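Trainee: I am new to this structure. Please take me closely through one part, the contact between the two chains.

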Amino acid sequence: MRLRLVPQDTNWDFMRYRKFTFGASVVAMVGAIAIWLIVGLNFGIDFLGGTTIRTESTASVDVAAYRAALEPLGLGDVTITEVFDPTFEAGRNVAQVRIQAQEGAESVTPEVIAGVEAALQTVDPSITFPSVESVGPKVSGELITTALLAVGASLVAILFYIWLRFEWQFSVGAIAALVHDVVLTIGVFSLLQIRFDLATIAAILTIIGYSINDTVVIFDRLRENLIKFKKTPLIDIMNKSVNETLSRTLMTSGTTLLALVALLVLGGDVIRGFVFAIFWGVIVGTYSSVYVAKNVVLMLGVDRDPKKPSDAGTQFANIDA
Amino acid sequence: MLQIALWKRLSILLVCVIGLALAAPNLFYGPVERHNDAADALERGAISTPEIEAALAEWPDALPSGLVNLGLDLRGGAHLLAEVQLQDVYEGRLDGYWPDVRDTLRGVREQVGTIRRQDSPPDELRIRISRPEGLQVAVDAVRDLAQPIVSLTGVGEQDIDVAGAGDIVTVTLSDAEKAATDDRTLQQSLEIIRRRVDEAGTREPTIQRQGADRILIQVPGIGSAQELKELIGTTAKLTFHPVISRSVAADTRTDGDQIALPDMDDASRTLLLERSPVVTGDDLVDSQPGFDQNGRPAVTFRFNPSGARKFGEYTSANIGAPFAIVLDDEVVTDPTIQSAITGGSGQITGNFTVEEANRLSILLRAGALPAEMTFLEERTIGPELGQDSIDAGQVASLVAMAAVVVFMIASYGLFGAFATVALGINVALIFGILSLIGGTLTLPGIAGIVLTIGMAVDANVLVFERIREELKTARGPARAIELGYERALSAIIDANITTFIIAVILFTLGSGPVRGFAVTLGIGILTSVFTAIFVTRLLIVIWFERRRPKTIEV
């Protein structure tokens, strides 16, 4: 007996709820932007500058005592968070100490780091420092620019590729879906205050990659069906295409999510934020392929001239068929 | 019908075998690494010892020995992003012009009168002349010294700009010359950092230029960024100056020919020296740590012939006079010349510890940095943290793989098993390619591989789903399989090209771990397309030929 995530032949009317889902997407995006503007993102040192020191100790972490020990150093804003992780064995206590960028210094001076380490050692002699990372304000500014550039460049490249292979309506639909995914991801990051750093940007780009992957597969089927059924209304073809690819969509999302869950639970705390972003992105990306990308294409309409040999797609559409 | 030419079958097989062979050394990481280190040591001219022989024997020479480099976040080590203070060099360049300028102006002394170098910002050379009416003559004379620039971009440009106002002649470097100097400075800095890091004997450091004035240094296995900074952050400019006065006030005003520098060991003491050094560290050919006659740590050095001659001439002419050994604008020691030193070698004693003497000799051997550096970014990752990440990544990958395998076989039966074999080959190919190109595996890179494991089956899923559909209408299973592959191809190509575009952009714009992720993602896309389209197809075709099933269930 084979495992089937969906019945062999489905004929669900996905597009029936299009107004509701599209409305929900718009509300979610507005909400995400609002949270982002009000709460803000928890930027890591990659974007803000500053230093993070990871501490590890056999004794349990006493945040108040750490704070008290660091107080006399006058370092400005110091954040101390205890790190919990299911993969840690007993007697392994980890904390993250974050120090803001120091006035006038390009990167934190060795004296500051040595001072912090010495102060923490007085609280807990068994403490060790498995990692110390420090980014100067000059670099962090540039990292933000590069990150935005990367996201922008990816969107443009995809816009262009889809336009070549399909039609401009598909391009717009795909980009709308991607923007939707990126905005919702940023919203979740500000809502849960997960640290937002360079790895997060990599994750967002991966989400873009995954989401577009999903969207393209459905578009591809849509294009095929547009050629096959020249008279059928667009909305029915869309439903048919989604139904036909549904099994594949769920299989791929399913296996990817399985892999990601393994990484999320067992991959350690260092990359958890990164993996979480991708995990979230796979879910949103799957949703947006159906309910955002196709909605937009439906609203824009597709030129279907029955006299032309091929209705959908440009001269680059059939190079591999 | 379902046919694949023999040569195609063999090529597919060959690619898989080569991939597996290239990936294999990674299963024996420790022994292979020791073998490679030993081979490296021999190549660099080390004498074979029993240890080296033993390490060599750990892995057969005939087998591939390429390994995936582990990134700093996995192995532990230090990462530094340094900015080279390019403008530092301008001062030195202008100092270099001064003797020529002086001699030229002396040639037209009747018109310009006496000349005197003035204190000035570091990127200017200012000369005061006593007869302002001769300014134009002076400017013209100095301007004649300008040389055309020899560089690709600076064709037709002169190296210096000369201006005059009142009784001051100002010489500055032209923009083209600055650009040429900047480039040279950075190249030289890269080279010297590389030499210093090599001298310290670390493994596989990454030393790369980034942008116009930055250098990225990543050294695996080093204890801390601080240690690395001490090694490469020191300019190590060694110079030997005549002493004018051994003790002056710290804020002594100096004219252009003099320089007041503090004593390294006694901060309250300042010496007045002649600005132009007798000899510089550029003339050094060797330097070793050692001990002086009192058994204190010291650093010995040896000059090249021209340095030895200059040093010999100066010391024989100035017996009884003090001279100062200056390191990075601090006086290390200021002995009195007892006798002419003509042999070209000498010794620096100061209040060194053994480690300091050792480090100073490394720095002197490697040469001076042309300019100072500031550090914009520094990261230290402890080796334990890296090992934890590797372990976690391994466990996660295995669990992910197992879950995907179970899921695929449950869904597609035998075809799922074929996809699973392809998945295994896929992961091996990723490691094989990474080892071949010397790619670096980082923590996000492991995530990239795990994600690839999840996504790799996508192409197969597309094909299998398509075969299922075709089975409903097509005549016979063979035709359905063929159509399945044919019709799914367009979606597979489109889906993977778009993801590949992202990988390329990530690689171009990213740095460090992000780049590592982009590399594994990009390679993963290529290999998963290969395995999904060719490997599973080959497996299915071979199976089909043997069984000739009348019906198939996918």
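Mentor: Start with H5(A) and H14(B). In H5(A), A:Thr146, A:Leu149, A:Ala150, A:Ala153, A:Ser154, A:Ala157, A:Ile158, A:Tyr161, A:Ile162 and A:Arg165 meet B:Ser490, B:Ile493, B:Asp494, B:Ile497, B:Thr498, B:Ile501, B:Ile502, B:Ile505 and B:Leu509 of H14(B). Contact here means heavy atoms within 4.5 Å. By class, 13 of these residues are nonpolar, four polar and two charged. Nonpolar covers Ala, Val, Leu, Ile, Met, Phe, Trp, Tyr, Cys and Pro; charged covers Asp, Glu, Lys and Arg; the others, Gly among them, are polar.

A word on the model. It is predicted, so local features need pLDDT of at least 70 and side-chain atom pairs count only at pLDDT 80 or more, while totals for chains, interfaces and linings use all residues. Residues are numbered from 1 along each chain as its sequence is written, chains are lettered from A and ligands numbered from 1 in the order written, and side-chain values use heavy atoms, without hydrogens and water.

Back to the helices (DSSP runs of H or I, at least four residues, numbered from the N terminus). Axes are lines fitted to C-alpha atoms over the stretch in contact, with angles from 0 to 180 degrees between N-to-C directions. The crossing is right-handed (the near helix is turned clockwise from the far one by less than a right angle).

Next, H8(A), residues 234-266, and H12(B), residues 383-436. Their axes come within 8 Å and cross at roughly 155 degrees. H8(A) and H12(B) are therefore roughly antiparallel. Their crossing is right-handed. Among the residues that meet are A:Met251, A:Leu258 and A:Leu266 in H8(A), and B:Val395, B:Phe407 and B:Tyr412 in H12(B). This contact has 16 nonpolar, three polar and no charged residues.

Now the whole interface. It takes 71 residues from chain A and 66 residues from chain B. About 5900 Å² is buried between the chains, with 63% from carbon and sulfur atoms. Buried area is the accessible area (1.4 Å probe) that two parts lose on being put together, summed over both. A:Arg2, A:Tyr161 and A:Met251 supply 11% of what chain A buries against chain B, more than any other three residues.

Finally, charge pairs. Chains A and B share 10 salt bridges (a side-chain nitrogen of Lys or Arg within 4 Å of a carboxyl oxygen of Asp or Glu). One salt bridge joins B:Glu469 and A:Arg221, at 2.9 Å from N to O.

Conventions
Helix = DSSP H or I, 4+ residues; strand = E, 2+ residues; numbered from the N terminus. Parallel < 35°, antiparallel > 145°, perpendicular 65-115°, else oblique.
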